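Student: Can we go through this one together? I'd like to start with the ligand and then look at the backbone.

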Amino acid sequence: MRAPFPETRVPPGIAAADWCDWRWQMRSRIRDADALSRVATADPDETEAIAKLSDRFHFVITPYYAALMDPEDADCPIRRQVVPRTAELDDPAGLADPLDEVAHSPVKNVIRVYPDRIAFCVNNECALYCRYCLRKRMVGEPEWAMKKQELGEALDWIRATPEIRDVLLTGGDPLTFSDERLAWLLGELRAIDHVEILRLGTRLPVTLPFRVTPELCRLLADHHPVWLNTHFNHPRELSAEAAESCDRLTRAGVPVGNQSVLLRGINDDPATMKALCEGLVRMRVRPYYCYQAQLLEGTEHFRVPVERGIEIFKALRGRTSGFAIPEYVLDTPHGKVPLQHRWLRGRDGDDVLVETWDGAIWREPNPG
Ligand code: SF4
């Protein structure tokens, strides 16, 4: 029997009731080097980066997520995801909007790449700001906030576009909305006949699991079918609190998937990726996609060569449950492209030759 997921330690001086209150966590977020130094030993490179980057891509962490960090190690895989480093200043190839999302937006914050589905960026706020965030142009920036009138204009566009059957609410993070605002938005979307599926893209089960309250789960269950994809990147994010939030969601009938990003020095080795995916499956969270990191400004130090990514996912095949292996994909302005080892090795007469997970070549007669 595997050990249970570890509980996160509540720092001294904080009442347990506050710690478990998602609004207290949002109000108490770490926003500067001084606050960070109270929970982690200061690192000169981090301190310099916080000073130089604060006006370019903000720095915010929930106390809960900070408690997952190694306070003595600036290279800790949790800390590197959220604390700035000076390497962010040196990335000549990085782009502000590598997927050309602004050009794919018929109305503000509605991104349409495929005929039948959209990503609807309902807000500009997250519990914390990931340093490799695809939407760093938007997250924490007031100009990308959505006023109720702008949300209404986006809803009007969806109503007037009958091909749209699948709406992904993303951001930012839609679960930073109050229950009241979320209920209004889900209700408006559910009232549109051609919208069959509602999806939520949220990192809060990872970064602020206390947001997943019984009330929120009831609200989501009232608007089924609702699907949810979250974003764990490392096995150390698999805490007892995160497991409980995912358990609540799945018990409410919300299928939960995971979309990770392949990040250098964080999860770019088969053992870490296997531990992450197997832990997710124990939480009843399906590893769905692992993204190749985009050519995004300030993220050169996170990017991994595609060949390395293919090797990592090849190494999982046959060594864990098939449904524990996510699809490794590259997102492009034209949509997602699967990146895979070529298991099909060729043809010999009427047979096809395939490589098996243990390195053998299997000959299979191929129907004409
Ligand atoms: S939670 Fe998602 S949208 Fe928010 S900063 Fe992280 S990657 Fe970006």
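Tutor: First a definition: Ala, Val, Leu, Ile, Met, Phe, Trp, Tyr, Cys and Pro count as nonpolar, Asp, Glu, Lys and Arg as charged, and the others, Gly among them, as polar. This is a predicted model, where local features need pLDDT of at least 70, side-chain atom pairs count only at pLDDT 80 or more, and totals for chains, interfaces and linings use all residues. Residues are numbered from 1 along each chain as its sequence is written.

Student: Ok, what classes make up the shell around the ligand?

Tutor: The shell has five nonpolar, three polar and three charged residues.

Student: Which residues are they?

Tutor: Cys126, Tyr129, Cys130, Cys133, Arg135, Val139, Gly171, Gly172, Asp173, Arg203 and His231. A residue is near a molecule if its C-beta atom, placed from the backbone, lies within 6 Å of it.

Student: What is the peptide bond from Gly171 to Gly172 like, cis or trans?

Tutor: That bond is cis, with omega near 10°. Gly172 sits in the loop between β3 (166–170) and α8 (179–190). Helices (H or I, at least four residues) and strands (E, at least two) are DSSP runs, numbered from the N terminus.

Student: And what joins His224 and Pro225?

Tutor: A cis peptide bond, with omega about 0°. Pro225 is in the loop between α10 (214–221) and β5 (226–230).

Student: Switching to phi: what is the value for Asp100?

Tutor: Phi of Asp100 is positive, about 55°, although Asp100 is not a glycine. Asp100 lies in the loop between α6 (79–82) and β1 (110–111).
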